[in-house]
Amino acid sequence: MHSILVIGAGKIGSTIVDMLHETGDYSVTVADASAEALAAVAKDGVRTIQLDFSDAVALQNALKGHYAVLSAAPYHLTSHVAKAARLAGVNYFDLTEDVATTRMVKELSEGATTAFIPQCGLAPGFISIVAHDIASRFDKLDTVRLRVGALPQYPSNALSYNLTWSTDGVINEYIERCEAVVDGKLREVPAMEELEEFSLDGTRYEAFNTSGGLGTLCETLEGKVRNLNYKTIRYPGHCALMRVLLNDLQLRNRREVLKDILENAVPATMQDMVIVFVTVTGERDGRFVQETYARSVYGQNVAGTQRTAIQVTTAAGICAMLDLLIAGKLPKQGFVRQEAIDLDSFLANRFGRVYAGERLDEGQEPAVKNIRLDAVA
């Protein structure tokens with residue numbers, strides 16, 4: 001039984017704890033600064049530690065003796081966990097979409113005797129595994145487009161959005177610059193730009209640049225692809241309203257104010273869905289062809305608790321990568337990219353199978369639907 005420390009007892013951290021604990025294969029400890037959050041995840045067989053993540057000494061001591069640490073902390077605290085993991089000699093996993101944090105993790109991993117595996121969620125994470133798998137089947141790549149959205153099933157406000165994930169994370173990806181490959185070169189492009197619209201299963205959506213979703217895929221495919229980009233999917237009109245808040249009202253410079261507004265005005269929902277949409281074009285056997293992967297994933301029950309689609313997909317990603325490391329299907333030390341794992345191995349994993357249409361509780365109805373592409377504009 002491997003001893004695992006989960007950092008953060010919030011929406012995603014608590015789901016990770018339930019998934020790992022339910023298997024009976026892991027000894028799970030969860031740490032958080034909030035006693036209230038810890039009380040909500042406490043159960044037989046799960047240890048809890050109240051911990052200030054900015055206290056480097058306390059954090060390093062908490063990590064000692066564990067096989068791995070899984071960080072579900074806000075992106076701005078991730079660097080503290082990564083540094084402590086290096087000092088404690090513990091395998092490291094995180095969910096961050098923050099580009100600067102991932103670069104720091106990569107630097108920390110140099111010469112490490114343990115694995116450093118960042119960006120293990122949905123996007124970045126699973127989306128990179130899918131894109132790399134499709135791209136590997138082309139003789140010559142032209143364009144790789146990655147689109148992901150965590151959306152309410154029943155939008156009912158002007159933003160056509162509900163909070164189902166980290167508010168800090170959403171704000172960060174709407175503000176920070178985005179990596180892309182443009183005409184064969186690695187570039188930085190602004191967030192909330194390059195708006196496009198498309199239709200899936202008769203429903204119209206929009207998509208626009210957001211930061212961090214590509215993970216390390218730009219570095220992996222630079223020089224091999226003409227264009228590579230990532231955009232977040234929302235319902236039409238969302239981007240325009242967020243631009244008003246971020247740019248016209250200048251709330252990009254007052255993130256805490258924007259967070260307070262969103263968390264007090266935009267309700268959360270358990271009725272969400274996750275859309276994964278990847279399109280690759282290029283040459284195969286002398287022909288110019290396109291291959292598309294499109295799925296929608298819905299929430300499900302995990303260990304007796306109903307979880308949202310974004311909780312399930314994000315937690316399943318990091319839990320699957322932990323399983324795969326233990327199984328010897330990932331490098332045991334140094335920096336590990338998401339695209340280092342092949343798609344079939346990920347989907348065959350007991351956690352990764354949620355993306356393939358199976359429930360963690362096999363008695364439930366399928367949680368994934370293959371979606372039809374009607375048109376792209």
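Biologist: At what angle do helix H7 and helix H10 pack?
Modeller: This is a predicted model. Helix H7 covers residues 167-175, and helix H10 covers residues 255-265. Their axes lie 10 Å apart. The angle between H7 and H10 is about 125 degrees.

Biologist: What is the hand of the crossing of H7 and H10?
Modeller: The two helices pack with their axes 10 Å apart. Their crossing is right-handed.

Biologist: Which residues in H10 does H7 meet?
Modeller: From H7 come Thr167, Asp168, Ile171, Asn172 and Ile175. By class, the contact has four nonpolar, two polar and five charged residues.

Biologist: Is H4 roughly parallel or oblique to H5?
Modeller: Helix H4 spans residues 78-88, and helix H5 spans residues 99-109. They pack at about 5 degrees, with axes 10 Å apart. Angles under 35 degrees count as roughly parallel. Therefore H4 is roughly parallel to H5.

Biologist: How many charged residues has the contact of H4 with H5?
Modeller: Thr78, Ser79, Ala82, Lys83 and Arg86 in H4 meet Thr101, Met104, Val105, Leu108 and Ser109 in H5. Four of the residues in this contact are nonpolar and four are polar. The charged ones number two.

Biologist: What covers the buried residues of H5?
Modeller: The buried residues in H5 are Val99, Thr101, Thr102, Met104, Val105, Leu108 and Ser109. Their cover includes H4 and several strands. Those strands include S5 (91-94), S6 (115-117), S8 (178-182) and S17 (334-335).

Biologist: Which residue with positive phi follows H5?
Modeller: H5 runs over residues 99-109. After the helix comes a residue with phi near 80 degrees, and that residue is Gly111.

Biologist: Is Thr29 buried or exposed?
Modeller: Thr29 is found in strand S2, residues 26-32. Its relative accessible area is 2%. The cut-off for buried is under 20%. So Thr29 is buried.

Biologist: Which side chain has a polar contact with that of Thr29?
Modeller: Beyond its neighbours within four places in sequence, Thr29 is in contact with Ile4, Leu5, Val6, Arg47, Ile49 and His66. One of these has a side chain joined to that of Thr29 by a polar contact of 3.2 Å. The partner is Arg47.

How values were computed: Residues numbered from 1 in each chain as written. Predicted model: local features only at pLDDT ≥ 70, side-chain atom pairs only at ≥ 80, totals over all residues. Heavy atoms only, no water. Helix = DSSP H or I, 4+ residues; strand = E, 2+ residues; numbered from the N terminus. Buried < 20%, exposed > 50% of the residue type's maximum accessible area, 1.4 Å probe, protein only. Polar contact = N/O pair within 3.5 Å; in protein donor to acceptor, adjacent residues only side chain to side chain. Contact = heavy atoms within 4.5 Å. Axes fitted to C-alpha atoms, helices over the stretch in contact; angles between N-to-C directions. Left-handed = near helix turned anticlockwise from the far one by under 90°. Nonpolar A, V, L, I, M, F, W, Y, C, P; charged D, E, K, R; others polar. Parallel < 35°, antiparallel > 145°, perpendicular 65-115°, else oblique.
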